[in-house]
Amino acid sequence: MKVFLDLGWFFKQEKKAYIFGTVILLFVALLQLVPPKVIGVIADHINNGTMTKGLLLEWMTVLVGAGLGMYILRYFWRIMIFGSAVKLSKQLRNGLYQHFTNMSPSFYQKRRIGDLMAHATNDLQAIQQTAGLGVLTLVDSLSTGGFVILAMAFTISWKLTLICLIPMPFMAILTSWFGTMLHRTFHKAQEAFSDLNDKTQESISGIKVIKTFGQEKEDIEDFRKKSQDVVEKNIVVAKIDSLYDPTISIIVGISFFLAITFGSKFVLAGELTIGELIAFTTYLGLLIWPMLAFGWLFNIVERGRASYDRVAALLREKSDITDRSDALEIIPSGDIHYDIEKFTFPGENKPMLKNINFTLNRGETLGIVGKTGAGKTTLLKLLIREFEDYEGGINFGSHTLQEYKLEKLREVIGYVPQDHFLFSASVADNIAFTNPNAPKEDIFGAAKLASIHDDILQFTEGYQTVVGERGVSLSGGQKQRISIARALLMNPEVLLLDDSLSAVDAKTEEAILSSLRKNREGKTTIITSHRLSAIQHANLILVLDNGEVIERGTHEELMAAPGWYKEMYLRQQLEELVEHGGH
Amino acid sequence: MEDIKMEDTAQLTEKEQKRVLSRLLSYTKPHKKELIVAFSLLVLTTLGELASPILVKIFIDDYLAPGNLVFKPLVILGASYLGIQFVKSFLLFFQLVKFQEIALKIIQQLRIDIFSKVQSLGLKYFDQTPAGSIVSRVTNDTEAIKDMFVTVLSTFIQSGFLLIGIFITMFILDVKLALFCLIFIPLILLVMSLYRKFSSRFYLEMRERLSQLNAKLSESLQGMSIIQVFRQEKRLRKEFEVINDKHYDAGMKNIKIDGLLLRPAVDLIFILGLIIVLNYFGLTSLDSPVEIGVLYAFVNYLERFFEPVNNMMMRLSLYQQAIVAGARVFRILDKQELAPGQNDESKLSIEKGRIEFKNLTFSYDGKRDVLKNISFTANPGETVALVGHTGSGKSSIINLLMRFYEFEKGDILIDGQSIRHFSKDELREKMGLVLQDSFLFYGTVRDNITLHNHHLTDEQVEEAAQFVQAHTFIEKLEDSYHHKVVERGSTLSSGQRQLIAFARTIAANPKILVLDEATANIDTETEEAIQTALSKMRKGRTTIAIAHRLSTIQDANLILVLHQGEIVERGTHQELLALGGLYHKMFLLQNGALERLEDVMH
């Protein structure tokens with residue numbers, strides 16, 4: 001029940017709704033006592049032959065009043081209590097989203113997106129249940145249960161009440177126990193289902209391979225096995241699920257049996273009328289729900305607490321990259337100077353970068369080459385402050401990166417990442433990501449610079465074509481060029497191209513590079529690439545290996561001395577030359 | 001995950017919904033025997049359910065009210081009451097399990113059916129449909145249908161049964177009163193249809209909003225670094241809040257409609273029922289004596305009557321969803337875009353491996369030709385290389401050769417016979433394709449080489465790996481051939497993935513090799529291994545290869561230069577260079593500094 005304390009802040013915030021809701025619930029619980037009472041009274045009048053039309057009319061009016069009253073009140077508590085619960089999940093969801101946008105990449109490195117999604121969906125669902133159904137079952141089982149027991153004990157017979165209540169706690173205990181088991185087996189069934197989902201996903205993504213090797217039958221057989229597993233795990237769930245009704249039915253049956261047996265004894269002894277006995281059994285029927293609910297309550301609350309703890313822990317997490325209190329509001333500009341002794345990714349031992357030292361003058365182009373994993377991308381990520389914990393410093397103009405406001409720093413940097421991620425929106429919206437109100441001409445201009453304009457016009461709906469995960473699928477080269485256009489739309493002071501031309505062909509690469517050279521006169525550009533042709537015109541080229549600069553210089557300088565660059569370059573050349581007949 | 005589109009339901013007329021339902025129910029046919037068992041259990045438990053109020057009625061009217069307590073019959077009465085309770089509960093358990101079991105089996109069959117169907121569809125379908133939505137059909141939609149089967153088979157039928165039973169018993173007890181009680185039926189049906197009408201709309205809206213919300217969240221998480229580096233956090237937070245608000249509104253609407261029409265409304269009808277019964281007995285008692293036990297039984301039945309109604313109401317939205325899901329599943333099952341047909345009776349076999357394209361013209365959409373009048377021949381053991389700009393039609397040639405798509409004009413001949421005349425198995429066995437993105441499945445490295453060919457021995461697997469230069473690096477992996485491949489092989493480099501894909505093809509030992517060369521980021525050492533492997537693989541096999549790096553196909557017997565679906569140049573590497581045309585230009589462009597270097601060297 002601790003979770004109710006944890007959620008105290010929310011109950012306080014919504015205290016009106018919760019107080020009114022609870023009061024209404026109490027009223028409903030009271031009104032529920034009316035119909036059984038009326039049944040008992042009428043039965044007695046009939047049995048005793050004291051029935052009159054007036055009496056009948058009187059009691060029927062009571063029934064109608066109680067019925068309508070309950071109907072209206074039940075509607076309102078739902079809105080108040082369930083409505084508040086929905087509000088809670090909305091509030092938490094917004095909070096989580098905001099939190100996510102504040103967290104730095106090191107946060108995302110530790111976690112899988114699937115898990116974060118689970119927090120925002122399943123956990124919020126469980127918390128919502130606690131704040132809605134949890135509160136309802138708590139209030140309702142206590143009030144309805146309490147009132148009914150009181151009514152039975154005080155208006156009919158406390159002896160009979162005690163006798164008949166004996167089996168009831170078993171119901172609460174058993175339903176709670178079943179709930180725990182159900183949750184556990186259900187979890188397993190969900191896992192089997194998610195395996196099946198993965199299997200399907202994989203088969204569909206790999207459909208060409210399957211078809212190529214003629215493995216359809218075998219793959220279907222594999223699918224059959226996995227779906228069989230789902231069936232088996234679900235049957236276990238079904239078995240536990242099917243325990244509820246019979247258990248309730250037995251316990252209620254026993255309780256009724258006790259009521260009738262002992263009740264008739266009291267009737268014969270003159271302590272009870274037949275009408276009262278009938279009313280009593282009707283009350284007993286009203287007790288089923290609160291007992292069940294009491295059993296559920298434990299499960300709901302247990303799950304809610306676990307979920308709330310997880311979400312709260314997530315929200316407590318602080319971003320490791322924040323603005324200093326005295327951060328500068330100015331836009332950085334000028335030369336970029338790296339002086340890094342060592343940088344190690346959080347949670348790893350081996351340094352990713354060592355002794356990186358260079359100055360890139362404003363308006364110049366820097367080329368970074370080297371093997372996969374040499375540290376090229378990391379070097380760029382430090383400039384956009386995705387990671388910070390390094391020994392040494394990076395200066396932009398006359399200040400270090402940390403002295404600027406993060407927002408100001410990022411305002412001048414256009415970044416084209418290696419994994420070209422596009423949002424599920426139109427091409428135009430994707431390009432105009434930094435400025436949704438950008439005029440058409442600017443969008444077209446950026447697209448033209450990135451040599452993607454003509455491709456876009458070929459799409460069925462041109463610039464309005466929806467791309468991204470839920471839109472049309474584009475080739476890797478097209479996605480890369482759209483990401484380039486997205487960065488170019490900002491006309492950034494500093495452009496970072498992180499191996500962003502790997503999927504475009506040589507001709508397009510050449511076209512993009514030459515248009516960039518023309519357009520970005522006087523602006524700083526950093527390019528990392530596997531293909532040396534992409535960085536050959538750079539003012540400075542760094543060759544990275546294992547996080548260290550092993551060679552540096554212009555293309556001409558690097559070609560003048562033996563080394564990795566020259567070897568790599570000649571290697572490419574040599575094959576061509578031999579092909580040319582060796583001239 | 002693909003959303004449940006609101007239009008989907010709007011499009012389904014009552015008639016279509018019925019058709020979907022009856023088609024779904026037709027899946028019960030193979031389970032006739034089990035259903036009979038389940039229904040027998042259902043009849044027994046329902047009888048048990050109906051019996052107890054009658055026993056109490058007999059007790060009240062015959063023994064309690066007259067004060068006539070005879071020991072023996074009372075013991076029998078009490079024992080049978082308890083006995084019935086226990087037996088009923090016991091049977092109830094098996095009945096509930098049985099219905100769920102049948103439902104699960106039905107869904108499994110439906111899943112296998114749709115999965116098999118998807119496997120049999122042509123690639124055209126996969127081009128037009130996002131993978132996520134297909135997966136959604138196979139798993140999530142069938143899951144929605146499962147919920148319905150479990151509830152339709154148990155809740156609906158069970159409740160319906162009980163309701164009928166209650167009415168029959170009521171008629172036996174008192175015909176006139178039972179007739180009065182018939183008044184509930186239209187009332188309940190009215191509430192149900194009202195509820196169904198509104199709630200299905202609101203419920204679907206909420207589902208739609210929720211899936212929008214999740215899509216937005218998942219996408220934001222995936223693109224978070226982009227959002228942050230481009231400083232769009234505030235804008236996206238706002239966008240998210242807007243969707244979240246809409247979801248909240250939809251949730252509130254649901255709560256309201258549930259509050260108006262669900263349990264509170266049913267309880268109100270119960271009160272109405274009570275008024276009718278009590279009035280009836282009250283008024284009758286004014287003229288003639290009334291059996292108080294019958295009153296008890298009626299009130300008791302009334303209580304039992306409304307629980308199943310509540311159950312059914314709560315499940316109505318599931319039903320609605322299942323129908324929509326079912327309609328979508330059947331839409332796939334009815335798809336006609338099958339993979340191109342082969343003559344599977346054919347005994348023709350590929351002996352030499354001579355491939356000839358004859359005047360082939362092809363279009364994906366029937367409007368724009370992506371291949372125009374393509375003709376060429378690859379003689380047994382020779383390599384034909386396809387080069388050209390992105391979109392020039394290289395991949396289309398391979399797609400047609402692999403029979404991923406059907407063509408209309410022209411023909412492809414293998415050993416002089418139309419490719420259509422070979423059986424599918426023969427084609428798959430003799431033709432090996434290596435794809436640009438080497439797709440690895442979840443499992444071990446070995447699984448990925450053998451695929452489902454379990455007859456391959458460890459030696460054969462190793463041999464294949466050795467042949468393609470993959471053995472060395474595989475041995476260095478943890479657990480070597482039993483190394484776990486996770487997340488599409490993301491822990492392996494793309495070069496390594498490709499070598500494994502090569503080994504997969506070589507293990508199948510095809511006569512004809514179709515290569516779609518990978519372009520992106522392969523480190524130099526692996527690159528060398530790949531080149532060596534490629535030339536070894538090509539030996540003795542007719543090869544059709546797409547080359548992005550022209551250096552890899554210098555020794556091809558024939559190079560076709562494609563441009564906008566046409567072969568614009570053809571010849572050997574040297575011939576094409578001498579020609580000084582498109583090929584020559586492409587060749588120079590692959591290395592922009594070439595001329596300068598040449599200058600230096602001269």
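Predicted model: local features only at pLDDT ≥ 70, side-chain atom pairs only at ≥ 80, totals over all residues.
Visitor: OK, so how is chain A divided?

Guide: Chain A is divided into domain 1 (2–316), domain 2 (328–412 + 492–554) and domain 3 (422–491), with bounds that come from an automatic or database domain assignment. The C-alpha centres of domain 1 and domain 2 of chain A are 58 Å apart.

Visitor: And which domains does chain B have?

Guide: Chain B is divided into domain 1 (6–333) and domain 2 (355–440 + 510–601), and the centres of these two domains of chain B, taken over C-alpha atoms, are separated by 59 Å.

Visitor: What are the spans of chain B along its principal axes?

Guide: The C-alpha trace of chain B spans about 125 × 55 × 50 Å along those axes. Its radius of gyration is 36 Å, whereas a compact globule of 602 residues would have one near 25 Å; the radius is taken over C-alpha atoms, and the globule rule is 2.2 Å times the number of residues to the power 0.38.

Visitor: How many helices and strands does chain B have?

Guide: Chain B has 22 helices and 12 strands, where helices (H or I, at least four residues) and strands (E, at least two) are DSSP runs numbered from the N terminus.

Visitor: And what share of chain B is buried?

Guide: Buried residues make up 42% of the 602 residues in chain B. A residue is buried if 20 or more other C-beta atoms lie within 10 Å of its own, exposed if 12 or fewer, and partly exposed in between, with C-beta atoms placed from the backbone.

Visitor: Switching topic, how many residues of chain A are in contact with chain B?

Guide: In chain A, 115 residues are in contact with 116 residues of chain B, and two residues are in contact if their C-beta atoms, placed from the backbone, lie within 7 Å. On the side of chain A that touches chain B, helix H5 (residues 53–102) of chain A gives the most, with 22 residues. That side of chain A divides into 51 nonpolar, 36 polar and 28 charged residues, where Ala, Val, Leu, Ile, Met, Phe, Trp, Tyr, Cys and Pro count as nonpolar, Asp, Glu, Lys and Arg as charged, and the others, Gly among them, as polar.

Visitor: At what angle does H5(A) pack with H11(B)?

Guide: H5(A) packs with helix H11 (residues 263–287) of chain B at an angle of about 175 degrees, and their axes are 9 Å apart. Axes are lines fitted to C-alpha atoms, for helices over the stretch in contact, and angles run from 0 to 180 degrees between N-to-C directions. H5(A) and H11(B) are therefore roughly antiparallel to each other, since angles under 35 degrees count as roughly parallel, over 145 as roughly antiparallel, 65 to 115 as roughly perpendicular and the rest as oblique.

Visitor: Which residues meet there, in H5(A) and H11(B)?

Guide: Leu56(A), Met60(A) and Tyr71(A) are among those in H5(A), and they are part of a group that meets residues of H11(B) including Leu268(B), Ile271(B) and Asn279(B). By class, the contact of H5(A) with H11(B) has 12 nonpolar, 3 polar and 2 charged residues.

Visitor: Now Phe433(A): buried or exposed?

Guide: Phe433(A) counts as buried, because there are 24 C-beta neighbours inside 10 Å. Phe433(A) is placed in the loop between helix H16 (427–431) and helix H17 (440–449) of chain A.

Visitor: What does Phe433(A) touch?

Guide: Not counting residues up to four places away in sequence, Phe433(A) touches Arg486(A), Phe230(B) and Gln232(B).

Visitor: Last one, where is Arg231(B)?

Guide: Arg231(B) is in the loop between helix H9 (224–229) and helix H10 (233–261) of chain B, and its phi is near 55 degrees, a positive value in a residue other than glycine. Arg231(B) is partly exposed, with 17 other C-beta atoms within 10 Å.

Definitions and conventions: Residues numbered from 1 in each chain as written. Chains lettered and ligands numbered in written order.
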